[in-house]
Each structure stands twice: as structure tokens, then as C-alpha cells.
Amino acid sequence: MYSQFQQHLQRELAEIQQAGLFKNERIIVSPQNAAIKVDGGGEVINFCANNYLGLSDNSELIAAAKSALDNRGYGMSSVRFICGTQDLHKKLEAAIARFFGTEDTILYAACFDANGGVFEPLLTEEDAIISDVLNHASIIDGVRLCKAQRYRYANADMADLEQQLQIAQAQRFRLIVTDGVFSMDGNVAPLDKIFALAEKYNAMVMVDESHSAGVVGQTGHGVTERYNLRGKIEIITGTLGKAFGGAIGGFTTGKKEIIDLLRQRSRPYLFSNSIPPLVAAAGIKAFELLENSNSLQDKLHENTEFFIKQMKYAGFDIKPTESAICAVMLYDAALSQTFAARLINEGIYVTGFYYPVVPKGQARIRVQISAAHKREHLEKCVAAFVKVGKELGVI
């Protein structure tokens with residue numbers, strides 16, 4: 001049987017190659033930072049990592065991880081409820097709850113697991129989930145695992161959301177689900193309006209803060225800070241793999257009873273190993289640094305404002321954004337790949353995105369700004385975009 005299936009796969013792969021859409025992985029041979037070294041390609045400036053606060057190579061996080069290796073070992077070899085819980089896990093959960101102003105937190109191996117394990121334990125076929133159409137794939141997959149009635153509304157479209165809420169009055173409990181920042185466009189969910197509709201139609205709210213925590217809000221505490229809703233949202237999910245050090249690990253934080261039930265019934269939590277002690281220790285240090293100073297968030301906001309202003313002035317089509325994500329719209333999938341390849345030759349490391357990651361005809365290069373970027377990094381990136389953009393007739 002496999003010989004037939006193999007031929008089918010080879011045809012599929014060949015079609016992807018011929019369309020110029022094959023995803024090749026570049027090999028990094030240095031720590032993650034603003035400037036990185038790639039195998040056989042020298043040093044480039046990295047504009048496509050989720051390293052928003054520049055903590056991926058932070059010396060204090062590394063020291064905390066090394067200390068945990070010495071004092072708590074390498075791995076847990078167990079799930080949490082058997083013998084996989086250390087004091088570091090509980091301290092990290094408490095630190096996350098303090099950061100978001102919530103009641104309790106539960107840790108997962110990744111935010112994909114947090115989103116995959118949140119719906120099914122809490123909701124049944126009697127209930128409703130109303131989800132933004134551009135929500136992350138992990139939310140979509142998590143909803144599929146749940147028997148609740150499913151409704152979708154157009155991205156950040158409050159009229160559509162209200163209509164879906166009206167229809168969902170037939171169900172027992174209603175949960176509105178949204179990304180805090182939509183990762184491909186960079187726009188921030190209008191959480192104040194979502195919360196108002198939730199109150200009007202007796203619904204709960206869940207926000208995925210993966211791309212907004214550490215970034216959005218005056219002090220980087222996410223969209224709940226941005227809209228003065230700290231402690232009022234029932235469920236927040238997020239990751240340690242972006243602004244908070246960039247390693248691995250996800251979490252759900254929110255109302256105590258919700259977290260308590262997830263500990264009892266959430267399958268990714270019950271059947272996956274605990275995160276390693278070194279990751280927990282580094283995570284604790286990350287939140288400690290952010291509680292003591294806003295300097296990294298301030299630098300990120302300054303860098304982002306400068307870059308977007310310069311790119312718009314140069315004539316590029318930029319999606320509206322209030323985050324550290326700048327979507328440079330090219331619309332053509334093959335063009336996005338050619339443009340990204342030309343930029344790597346100019347020393348700028350970016351990635352082109354196209355269907356199915358984004359809708360057909362909406363190809364773009366997603367530029368992600370970091371607090372680790374220096375002004376000269378930003379200026380070099382803009383200059384490279386202008387050079388390649390003129391060569392390819394984009395501007």
C-alpha cells in the first residue's frame with residue numbers, strides 16, 4: 001500500500017515545489033537574538049522571531065535555568081498529578097496569575113495544548129462557543145474537540161458577534177473566544193466591545209494572549225491592561241515561547257474554579273509531562289524582571305513606532321497594527337517568497353506567508369519587532385525593504 005501512497009505524496013510535494021511555495025528551514029547556529037548566524041550564510045538581522053522583549057538570550061534567564069539544572073534536575077519524567085509537580089511549577093503559576101491579575105494558573109507543555117485542553121472539560125453540547133474567524137489554529141482544533149455548538153464571527157466584527165450571540169441564546173452557557181493579537185495581521189481584538197457584548201448577552205470571554213502579553217498595553221500586560229479589564233476576563237491562555245523567554249510552555253490563567261476543573265479533566269495536562277524545571281525557573285525570572293521594570297516594553301514600543309512609520313513613508317502597504325507585528329502586504333504568494341529570499345541576501349531574515357497560513361490572495365511578509373533591535377537594525381531593515389521593493393516593482 002505504501003508504494004501507492006508514496007507516489008501520491010511525491011506528486012503533492014512536487015506541486016508545492018513547482019508553485020514556489022515549498023517551506024525550507026534555515027539552520028541557525030547561534031543563540032536567538034536580534035542578530036543571528038545562519039548555517040553557511042553568515043550573520044543576519046532577525047525580524048521573524050517572536051522574541052518581542054529580547055529575553056531569549058537573556059543572561060539572567062540563562063543563569064536561572066542553569067541553577068535549576070543543578071538543584072532540580074533536567075526533567076520530571078511524569079505528569080503533574082502523579083509525581084511531576086515541583087515548587088518551581090507552583091511559583092511560576094503564581095507569577096503568571098499576578099502578572100495578569102487572575103486567580104489561578106495551570107501550566108501546559110505549549111499554548112497549543114492549553115487551547116486544545118480548555119474547551120472539552122468545561123463545555124458540553126448544551127453550550128456555545130463563539131469564535132473569531134481568524135483565531136489561531138490551536139483554538140480551532142480545541143473547539144473541534146468539544147461538543148459545544150459552534151458559531152463564528154468575522155474578524156473583530158462586533159455587529160456579526162452580536163448576531164451570533166443572539167442566535168446562541170438557545171444554549172445554556174456561552175463563551176466568546178478571541179486572540180488578543182491576531183498573529184498574521186497584528187491587529188488587537190476590541191476587547192472592551194467584546195466584554196460589553198458578553199455582559200449584554202450573558203456570556204463569558206476567553207482571550208489568547210500569546211502575541212499580546214508582554215507587548216500590548218502601557219506596561220505590556222496584554223489586552224486586558226490595554227482595555228482596563230484586568231481580572232475581569234474568565235479565561236486567558238498564553239505561552240512562555242514568545243515574549244517571556246521564547247523557550248516552551250503554555251498556560252491557562254483565570255477564574256479559580258475553571259483552573260481547578262482543568263486540573264481534574266484537561267487531557268493535555270493529565271497525559272503530558274510537566275515542563276522541565278529549567279524552563280519553569282527561567283519563566284519565574286522573566287516575570288520577575290517584567291514586574292521590576294518596564295524598560296523592555298518601552299523600548300519595544302519605541303522600536304515598533306519607528307519602524308512602522310518609516311515603512312509607511314517608504315510606500316509599503318502595511319496592515320493596521322497596535323502590536324509588534326508588521327504585516328507588509330504583497331498579495332502574491334510567489335512574490336512573497338522571492339521578496340523574502342532577496343532580503344536574506346541583504347542580511348535581513350524574514351519569512352513570507354501565504355495560503356493556507358493566510359487567506360488566498362493575502363500573501364505578506366510578517367516583520368516582528370523586538371526590544372533587542374537597535375536603531376541601526378531597524379534602519380538597515382527599512383533600507384533593504386526599499387531596495388528590494390523597487391527591484392521587484394512593489395513600490
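How do the residues of the lining of the largest pocket divide into nonpolar, polar and charged? In this predicted model, the lining of the largest pocket is made up of 13 nonpolar, eight polar and four charged residues. The pocket itself holds about 730 Å³ of space, and of the 25 residues that line it, Lys23, Asn24, Thr351, Gly352 and Phe353 are the closest to its centre. Three elements, namely α15 (333-345), β12 (351-353) and β13 (363-368), each give two or more residues to the lining of this largest pocket, and the largest share, four residues, comes from α15.

The second largest pocket has a volume of about 460 Å³. Its lining consists of 20 residues, and those that lie nearest its centre are Leu134, Asn135, Met184, Val357 and Val358. Sorted by class, the lining of the second largest pocket contains ten nonpolar, four polar and six charged residues.

From the pockets we can turn to a sheet. Strands of a sheet pair through backbone hydrogen bonds, and they may do so in either a parallel or an antiparallel sense. Here three strands, in the order β1-β2-β11, form an open sheet with mixed pairing. Because β1 (35-38) and β11 (348-349) stand at the edges and have a single partner strand each, one side of each of them is left without a neighbour in the sheet. Strand β2, which covers residues 42-46, pairs with β11 in the parallel sense over two bridges, and Ile45 stands opposite Ile348 of β11.

The last element to consider is helix α13, which runs over residues 277-292 and therefore, at 1.5 Å a residue, has an expected span of 22 Å from its first C-alpha to its last, close to the 23 Å that its 16 residues reach in the model. Is this helix mostly covered or mostly uncovered? Helix α13 is mostly covered, in that twelve of its 16 residues are buried, where buried means under 20% relative accessible area.

Conventions:
Residues numbered from 1 in each chain as written. Predicted model: local features only at pLDDT ≥ 70, side-chain atom pairs only at ≥ 80, totals over all residues. Heavy atoms only, no water. Buried < 20%, exposed > 50% of the residue type's maximum accessible area, 1.4 Å probe, protein only. 1 Å grid on protein atoms, 1.4 Å probe; cavity = no way out; pocket = protein on both sides within 12 Å on 5 of 7 lines; lining within 4 Å. Points joined across faces, edges and corners; volume = space filled by probe spheres on them. Nonpolar A, V, L, I, M, F, W, Y, C, P; charged D, E, K, R; others polar. Pairing = 2+ DSSP bridges.
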